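Take a walk through this protein chain with the model open beside you. Keep the sequence at hand and find each residue as it comes up.

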Amino acid sequence: MASRIMTFNGLVMYQKDFRERDMLVKFFTREAGKRMFYIRGAKKRGFKMTADLLPFTYGQYVGDIREPGLSYINAAKETAHFQTISQDIVKNAHATYMMSLLDVAIPDNELLGGWYQRLWSGLSLIDNGLDEAIITNIFEVQLMGLFGVEPNLRQCVICGRTDLPFDYSESYGGLLCQAHWHLDPHRLRLDQRTIYYLRQFSAIDLTKLGTISVREDTKKNLRRALDVIYADTIGVYPRSKRFLDQMNQWDDGLKPLSDPKKDQQ
Ligand SMILES: [Zn+2]
């Protein structure tokens, strides 16, 4: 059994109670992949690391990384917290979904490649007020490759043209130009604006993104398109996504109450 004491960069995914006084805390770590840590005495009064182990906390920790089995944390060196995300239910739901997607996409204990940094950057952007729905979409588009689905969003998959209107074809695994739409009667029939953003999202570097703003109707179309692609070609539907979907439905249901015309009366 391998065990090594090391300093690592970690981001707390979730925690759950374990036995009477202990806790299990799952982390994304930059140096050792996703890990479950056993925290002895975490629920005892006076426990020192309570704040360091809350979901959406990140920083440098020192721990005993063991393989196989549970790892241990000896100390938290320097930690910070995505405050806005943990206080805002909508941002929280999106961030949780992003984390659960990455959790499903890469097996535990395997290195995350650039995904630790991408996840951290995405959450940081959401925490700083960028549109959580769009950051989530970017993450979803880029994550598809980890599920073995890498749609061609650069050019028509048949002829390589980029100058005609596009549509998305699930059976061809990417874009079809207008000259080839006839090949797939089940193409998604997306509008050009939605296609434009899907293409942009596949190329954006989350670690360098500054601002982004997308029209509400386009946001809905992007959500719908990605839901179809994920359902049909990826087949991953975490519980956190179900919650997000329910929340979006409540949101739609509540819209008439905030109708500006009514407010003026
Ligand atoms: Zn074509």
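Cys156 is buried, because its relative accessible area is 2% and the cut-off for buried is under 20%. Bear in mind that this is a predicted model. What is the geometry of the site? Now look at the sequence. Cys159 has a relative accessibility of 36%, so it counts as partly exposed. Cys156, by contrast, is buried.

Next, find helix 3, residues 115-127. It has 13 residues. From its first C-alpha to its last it reaches 18 Å, close to the 18 Å expected at 1.5 Å a residue. Is helix 3 mostly covered or mostly open? It is mostly covered, with 10 of its 13 residues buried. Among them are Trp115, Tyr116, Leu119 and Leu123. Gly122 and Asp127 are on the buried list too. What do these buried residues pack against? Their partners are strand 1, strand 2, helix 1 (83-87), helix 2 (89-105) and helix 4 (132-143). An α-helix has 3.6 residues a turn, so residues three or four places apart point the same way. One more feature belongs to helix 3. Arg118 lies over the face of Trp115, at 4.4 Å from the ring centre. Just after the helix, Gly129 takes a positive phi of about 100°.

Now turn to the backbone. Most residues other than glycine have a negative phi, and most peptide bonds are trans. Some places in this chain deserve a look with that in mind. Arg19 has a positive phi, near 55°, and is not a glycine. Arg19 lies in the loop between strand 1 (2-18) and strand 2 (22-29). Is Arg19 buried or exposed? Its relative accessibility is 61%, so Arg19 counts as exposed. Phe56 also is not a glycine, and its phi is positive at about 70°. Phe56 sits in the loop between strand 3 (33-39) and strand 4. Phe56 is buried, with a relative accessible area of 4%. Then comes a peptide bond to check. Glu67 and Pro68 are joined by a cis peptide bond, with omega about 0°. Pro68 lies in the loop between strand 4 (57-67) and strand 5 (71-81).

Rings come next. How many aromatic pairs are there? The count comes to 15. One of them is Phe8 with Phe27, an edge-to-face pair with 6.1 Å centre to centre and 90° between the planes. This pair links distant parts of the chain, with Phe8 in strand 1 and Phe27 in strand 2, 19 residues apart. Phe8 counts as buried, because its relative accessibility is 0%. Phe27 is buried as well, with a relative accessible area of 0%. A second pair joins Phe147 and Tyr230. Their ring centres are 6.4 Å apart and their planes are at 80°, so this pair is edge-to-face. It too links distant parts of the chain. Phe147 is in the loop between helix 4 and strand 6 (152-156), Tyr230 is in helix 6, and they are 83 residues apart. Tyr230 counts as buried at 3% relative accessibility. Ring pairs link Phe8, Phe27, Phe37 and Tyr61. A charge meets a ring elsewhere. The charged end of Lys241 sits over the ring of Tyr97, 5.9 Å from its centre.

The last stop is Val214. It is found in the loop between helix 5 (192-203) and helix 6 (216-234). Its relative accessibility is 11%, so Val214 counts as buried. Which residues does Val214 touch, leaving out those up to four places away in sequence? They are Ile134, Tyr197, Lys219 and Leu222. Val214 and Thr194 are 20 residues apart in sequence. In space, they are 9.8 Å apart, C-alpha to C-alpha.

Terms used
Residues numbered from 1 in each chain as written. Predicted model: local features only at pLDDT ≥ 70, side-chain atom pairs only at ≥ 80, totals over all residues. Heavy atoms only, no water. Helix = DSSP H or I, 4+ residues; strand = E, 2+ residues; numbered from the N terminus. Buried < 20%, exposed > 50% of the residue type's maximum accessible area, 1.4 Å probe, protein only. Expected span 1.5 Å × (residues − 1). Contact = heavy atoms within 4.5 Å. Phe/Tyr/Trp six-rings, centres within 6.5 Å; stacked < 30°, edge-to-face > 60°. Lys NZ or Arg CZ within 6 Å of the ring centre and 35° of its normal.
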